[in-house]
Amino acid sequence: MKKIVFCGASLRGLRGFAKRLLANYTGKYEIAGLFDIDPGKMKGFCELLGKEVPQFTDFDKMLDDINPDEMFISTTDVTHAEYLVRAINRNVDCICEKPLCINAEQCGGIIAALKENPSVSVFTAHNLRYVPAILKIRELLESGTIGTIRSITFSEMLDRRHGKSYFRRWNSRKEISGGLLIHKSSHHFDLINWLIGAKPAKVIAQGRLIAYGSESSPYHGENCRDCEFSEKCPDYIDCRKDETRDSLFYKHMLPDSYTPDLCIYSPEINIEDQATVGIVYENGAGVSYSLNAHSSIAGYNIYIEGKSGTLEYFTRHDSSGKANPENFQNSLKVWRMDGECETINVPKIDGGHGGADPLILNDLFGGDRRKNKNLATLMDGIQAVLVGAAANISLETGKEVDVQSLIV
């Protein structure tokens with residue numbers, strides 16, 4: 001049985017991985033340890049997990065005491081690279097939650113560590129690849145249904161409920177998350193890279209903060225729970241009403257603990273909530289990408305133009321749970337050059353992220369990762385980050401950025 005440790009007592013690590021490991025892979029894996037800088041969060045994590053595991057606030061002591069076979073990393077994005085490099089140097093295989101890291105410098109450090117320890121395996125948890133419709137799109141492309149890809153248009157819309165969530169958390173500080181073009185869009189950049197099958201060459205981007213931040217409301221505070229405007233602000237929330245969040249973030253909270261109810265109108269917010277990115281690939285394919293974090297629609301549209309046809313996919317989500325289900329029918333179509341259109345049936349799979357989570361977990365923990373063509377490798381994770389890093393540089397300079405020159 002393999003010993004796996006969790007680096008970061010995060011909600012994603014708990015719901016997406018730890019609970020499922022206990023439920024489905026107890027014969028193969030033992031959750032042998034948990035590290036976090038906040039002991040209160042670790043206590044809540046174990047209570048919600050229903051299993052007491054050794055807890056550490058000292059990363060190296062955890063590795064010394066447990067001697068794990070594997071590690072799952074889901075700390076704040078800016079620290080992924082540090083813990084990943086330290087684990088690689090201790091010959092511990094890793095699965096890192098996306099994004100792999102937040103800038104090109106961190107990418108370079110990770111590559112250097114792996115060169116010194118080539119036997120270590122690292123995979124990035126890019127689960128968007130595992131959405132059933134995406135797997136079907138990949139299958140259609142591989143079979144040559146629309147021929148060679150010429151261009152992709154990808155539009156992501158986050159509704160106000162989902163979009164706000166990034167601004168209530170540490171994600172809204174670019175120095176911690178790299179901004180949404182790293183934290184959120186690395187999912188999409190990885191997917192686009194994977195479908196095109198080539199490295200991104202050039203990137204140019206624009207973006208701004210429109211709906212959140214100090215210019216968008218007269219109500220400002222540090223967090224909702226202590227805000228003097230809680231009776232007036234329409235965006236006030238009480239995270240403590242959610243049992244999971246209450247246990248993980250509030251029940252054992254220390255005086256300086258992080259909580260996910262930061263003010264979405266804080267003057268400290270310095271990320272964009274709207275952005276567009278243009279990408280040119282080494283094989284000549286072009287991509288137009290857009291992200292909107294304050295939409296009335298939740299979902300994304302993908303148009304893949306090939307030499308002999310076009311794939312069209314759109315999906316809509318109801319994050320409120322109150323809307324008419326008829327308005328949320330997903331669709332995958334193949335358009336031929338002669339105007340003929342074929343609707344492709346996509347199987348529905350139960351589970352988180354539209355059925356993606358159980359599929360990626362099976363590939364991560366149920367088989368031989370090194371032979372799996374769907375999992376995102378370390379280099380896949382790096383290429384996804386490089387697109388977002390190049391976009392961030394372009395936002396600052398207004399210039400086109402050579403993606404591959406960002407690392408040596």
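Glycine 13 counts as buried, at 0% relative accessibility; buried here means under 20% relative accessible area, exposed means over 50%, and partly exposed is in between, with a 1.4 Å probe and protein chains only. This is a predicted model, in which local features need pLDDT of at least 70 and side-chain atom pairs count only at pLDDT 80 or more, while totals for chains, interfaces and linings use all residues. Residues are numbered from 1 along each chain as its sequence is written, and side-chain values use heavy atoms, with hydrogens and water left out.

You'll find glycine 13 in helix α1, residues 11-24. Helices (H or I, at least four residues) and strands (E, at least two) are DSSP runs, numbered from the N terminus. What does glycine 13 touch once its neighbours within four places in sequence are set aside? The list is Phe6, Ala18, Phe45, Phe72 and Ser74, where contact means heavy atoms within 4.5 Å. Phenylalanine 72 sits 59 residues away from glycine 13 in sequence, yet their C-alpha atoms are 7.8 Å apart in space.

## The overall fold

Taken as a whole, the protein has 13 helices and 16 strands. Its radius of gyration is 21 Å, close to the 22 Å that the globule rule gives for 408 residues, so the protein is as compact as a globular protein of that length. That radius is taken over C-alpha atoms, and the rule is 2.2 Å times the number of residues to the power 0.38. Along the principal axes, the C-alpha trace spans about 65 × 55 × 45 Å.

Of the 408 residues, 55% count as buried. Take the contacts with a separation of 6 or more: residues 24 or more positions apart account for 73% of them. The accessible surface comes to about 17,900 Å², and 47% of that belongs to carbon and sulfur atoms; the areas come from the Shrake-Rupley method with a 1.4 Å probe, and for residues only the protein chains shown count as cover.

As for charge, there are 47 positive and 54 negative side chains, with the centres of the two sets 3 Å apart. Lys and Arg count as positive and Asp and Glu as negative, leaving out His and the chain ends, and each charge is placed at NZ of Lys, CZ of Arg, CG of Asp or CD of Glu.

Helix α6 (residues 132-142) has a run of buried residues: Pro132, Ala133, Ile134, Ile137, Arg138, Leu140 and Leu141. Their cover includes the strands β7 (149-159), β11 (299-306), β12 (309-316) and β13 (331-336), along with helices α10 (185-196) and α12 (352-365). After α6 comes glycine 144, with a positive phi near 80°.

Over in helix α7 (residues 160-167), Gly163, Lys164, Ser165, Tyr166 and Phe167 are buried. These pack against β7, α9 (180-183) and β10 (286-295).

Threonine 244 belongs to helix α11, residues 243-250. Buried or exposed? Threonine 244 counts as buried, at 17% relative accessibility. Leaving out residues up to four places away in sequence, threonine 244 touches Leu11, Leu14, Arg15 and Leu48.

Glutamine 206 is in strand β8, residues 200-208, and is partly exposed with a relative accessible area of 35%. Beyond its neighbours within four places in sequence, glutamine 206 is in contact with Gln274, Ala275, Thr276 and Leu395. Aspartate 60 lies 146 residues from glutamine 206 in sequence and 41 Å from it in space, C-alpha to C-alpha.

## Cysteines

A search for disulfides (pairs of cysteine sulfur atoms within 2.5 Å) across the whole structure turns up zero. The sulfur of cysteine 101 has its closest cysteine sulfur in cysteine 107, and at 3.5 Å that is too far for a bond. Cysteine 101 is buried, at 0% relative accessibility, whereas cysteine 341 is partly exposed at 35%.

Most residues other than glycine have a negative phi, and most peptide bonds are trans. Here, though, a cis peptide bond joins lysine 98 and proline 99, with omega about -10°. Proline 99 is in the loop between β5 (93-97) and α5 (104-116).

Asparagine 67 has a positive phi, near 50°. Asparagine 67 sits in the loop between α3 (59-66) and β4 (70-73), and counts as exposed at 56% relative accessibility. Asparagine 91 has a positive phi too, near 60°, and its place is the loop between α4 (80-88) and β5.
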